Amino acid sequence: MTTVVPTSEEDPALSIVRFTAEMSWADAGQEVAEPQVNRLCIETQECVIEGRWLDLASLMLTSADLIFSKASEKDLECIFTIICNLVKKPESLDQNRFVYMKALNLAINGKVTEHILPSFKKIDSFLQEWNLGVKDQRELFLKISNILKETKGYAKESFKFLMKYLETFSGEDSYSMNEAKEEALRTIIAFVKAPDMFQCGLLDMPGCSPIEKDAKYALAYQLLKIFLTGRLDDYLNFQEANSELLKTYGLIHEDCVEKMRLLTLVDLGMMGTGQIPYSMIKDTLKIG
């Protein structure tokens, strides 16, 4: 199988378009394929000469979409890398929202998301440039969170974008909360699971708080309350009554106990009574 390898003799973008065009038209026969390949290559050259980087990136992304089932992971990685370099051109910054979202989808479908991870650090500046509406912001935040969730070592970053997603909901659009309930649940579970996260603003967040009154999610909200305002005893009582539910959430009881001990110890230290008797610590933390 032919592999795309850009060289110094041909513009990388042209190499990509030629490669994808030849692959997508391969089954049509040479008489049909050759004119189509030439047409796309000419269009690519015109975009390069005229500096129409948005059009060029869109052309490359459309071509790449057509060959996912045929191209190797190495080919897709090469295609995506060149597209990423292309959309960094200053001329395209004011118009690259569409290109970025398409590139994001390409990275997901091509399983080469590692190449787009650095761009997530610039999302705030991108949002200022793009002036996205609320629905588009939600789509972007959720998509990024899902990518990070599947990337080892990025659990905190995934949680951060889930929080950004939930922050887009307000009391005025509570009717749309149905689409956020599962993500609110996912965010709660992510917080409870994280061994090094002890505070968050979920309790009063409009994107999360309505689930308190939803029978399907109320227990998850109660669990969140325990981890933010309760003590170990509260968790143990909850676990005794809802052990199967916690298992469905993928929560490990021993890990939850360890985290609640830390939170309870902090709470004891904030009592303002000076020294805390060891007997109180031992009893409260269920040690020994």
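**Figure 1. Contacts across the chain, and its overall make-up.** Take the contacts in the chain between residues at least 6 apart in sequence: 61% of them join residues at least 24 apart, where a contact means heavy atoms within 4.5 Å. This is a predicted model, so local features need pLDDT of at least 70 and side-chain atom pairs count only at pLDDT 80 or more, while totals for chains, interfaces and linings use all residues. Residues are numbered from 1 along each chain as its sequence is written, and side-chain values use heavy atoms, with hydrogens and water left out. The secondary structure comes to 14 helices and zero strands; helices (H or I, at least four residues) and strands (E, at least two) are DSSP runs, numbered from the N terminus. Of the 288 residues, 44% count as buried, and here buried means under 20% relative accessible area, exposed over 50%, and partly exposed in between (1.4 Å probe, protein chains only). The chain exposes about 16,100 Å², with carbon and sulfur atoms supplying 52% of that; the areas come from the Shrake-Rupley method with a 1.4 Å probe, and for residues only the protein chains shown count as cover.

**Figure 2. The largest nonpolar core, with a look at Leu140.** This core has 85 residues. A nonpolar core is a set of buried Ala, Val, Leu, Ile, Met, Phe, Trp, Tyr and Cys residues joined through side-chain atoms within 4.5 Å. The residues with the most contacts inside the core are Tyr100, Phe120, Ile123, Leu140, Cys208, Phe227 and Tyr235. Zoom in on Leu140 and, once its neighbours within four places in sequence are set aside, you find it touching Tyr100, Met101, Leu104, Ile123, Leu127, Trp130 and Leu132. As general background, nonpolar side chains in soluble globular proteins tend to be buried together.

Figure 3. H6 covers residues 123-130, and its buried residues are Ile123, Phe126, Leu127 and Trp130. Looking down the axis of H6, these buried residues fall within an arc of 100°, so they line one face of the helix; the arc is that of the directions from the helix axis to the C-beta atoms. They pack against helix H5 (97-109), helix H7 (134-149) and helix H8 (155-167). Just after H6 comes Asn131, with a positive phi of about 55° even though it is not a glycine. Asn131 sits in the loop between H6 and H7 and is exposed, because its relative accessible area is 69%. For context, most residues other than glycine have a negative phi.

**Figure 4. Helix H11 and its two sides.** Which residues of H11 (232-241) are buried? They are Leu232, Tyr235, Phe238 and Gln239. Seen down the axis of H11, the buried residues fall within an arc of 125°, so they line one face of the helix. On the other side of H11, Asn237, Glu240 and Ala241 are exposed. The packing partners of the buried residues are helix H10 (218-229), helix H12 (243-248), helix H13 (253-269) and helix H14 (278-284).

**Figure 5. Helix H1, end to end.** H1 runs over residues 12-24, 13 residues in total, and reaches 18 Å from its first C-alpha to its last, close to the 18 Å expected at 1.5 Å a residue. The expected span is 1.5 Å times one less than the number of residues. Buried in H1 are Ala13, Leu14, Ser15, Ile16, Val17, Phe19, Thr20, Ala21 and Met23.

**Figure 6. Arg186 in helix H9.** Arg186 has its place in H9 (residues 181-193). Is Arg186 buried or exposed? Arg186 is buried, because its relative accessible area is 16%. Neighbours within four places in sequence aside, Arg186 is in contact with Leu142, Ser145, Asn146, Lys149, Ser158 and Leu162.

Figure 7. Met280 is in helix H14 and counts as partly exposed, at 32% relative accessibility. Met280 and Leu268 are twelve residues apart in sequence and 9.1 Å apart in space, C-alpha to C-alpha. In the segment after H14 lies Lys286, a residue other than glycine with a positive phi near 60°. Lys286 is partly exposed, with a relative accessible area of 38%.

Figure 8. Cys41 counts as buried, at 5% relative accessibility, and so does Cys47, at 1%.
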